[in-house]
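Trainee: I am new to this structure. Can we go through the terms one by one?

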Amino acid sequence: MTEYLEIDLERELWLCRRCGHEVGPARQAYKEGLLVYARDPAEIHKPILDPALYEFTFAPDGKWISILEYYCPDCGVMMETEYLPIGHPPLNDMQFDLDALKAQWSGREPLTEAELAGPDPVGMSQHHHSHKQKHEHGGR
């Protein structure tokens, strides 16, 4: 579902793709099973202007915004980050129709890690040329 999060459809569980930790029931918000670190916005975004001289420093104001980081409780990989107004509950940013997914995947084989990673960018693995070649320019 994301780089570090998958759903085991058979057991209906969110799993960490890095370590296999069972995060929680897939019919609930995955963030409920993660560790949460509420960050001070000033740690992440340093002021551009001197706060002693200017009221507005181009840094987020911790009285208005919170930054939440979500981590796997087992391996510690960061799975998500969100910026929220103070007091706002965590977002439920992914909710899937598990019954429809089960029906869709019932006749398919599970994907391999290579298939999940996807193809190489077009031409990147075959891109070879020498910068020592002389280029012909007309008129010289």
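Mentor: Start with a hairpin: β2 and β3 form one, with five residues between them. In the turn, G20 has a positive phi of about 85°. This is a predicted model, where local features need pLDDT of at least 70, side-chain atom pairs count only at pLDDT 80 or more, and totals for chains, interfaces and linings use all residues. Residues are numbered from 1 along each chain as its sequence is written, and side-chain values use heavy atoms, with hydrogens and water left out.

Trainee: What makes β2 and β3 a pair?

Mentor: Strands pair if DSSP finds at least two bridges between them. Three bridges join β2 to β3, so they pair, running antiparallel. One of the bridges links L15 to E22 in β3.

Trainee: Why is P25 called partly exposed?

Mentor: Buried means under 20% relative accessible area, exposed over 50%, and partly exposed in between (1.4 Å probe, protein chains only). P25 has 40% relative accessibility, so P25 counts as partly exposed.

Trainee: What does P25 touch, not counting residues up to four places away in sequence?

Mentor: E12, L13 and W14. Contact means heavy atoms within 4.5 Å.

Trainee: Which way do the residues of strand β2 point?

Mentor: L13 and L15 point one way, W14 and C16 the other. All four are buried. In a regular strand the side chains alternate between the two faces of the sheet.

Trainee: How do you know where strand β3 lies?

Mentor: Strands are DSSP runs of E, at least two residues, and helices are runs of H or I, at least four, numbered from the N terminus. Strand β3 covers residues 22-25, and P25 lies in it.
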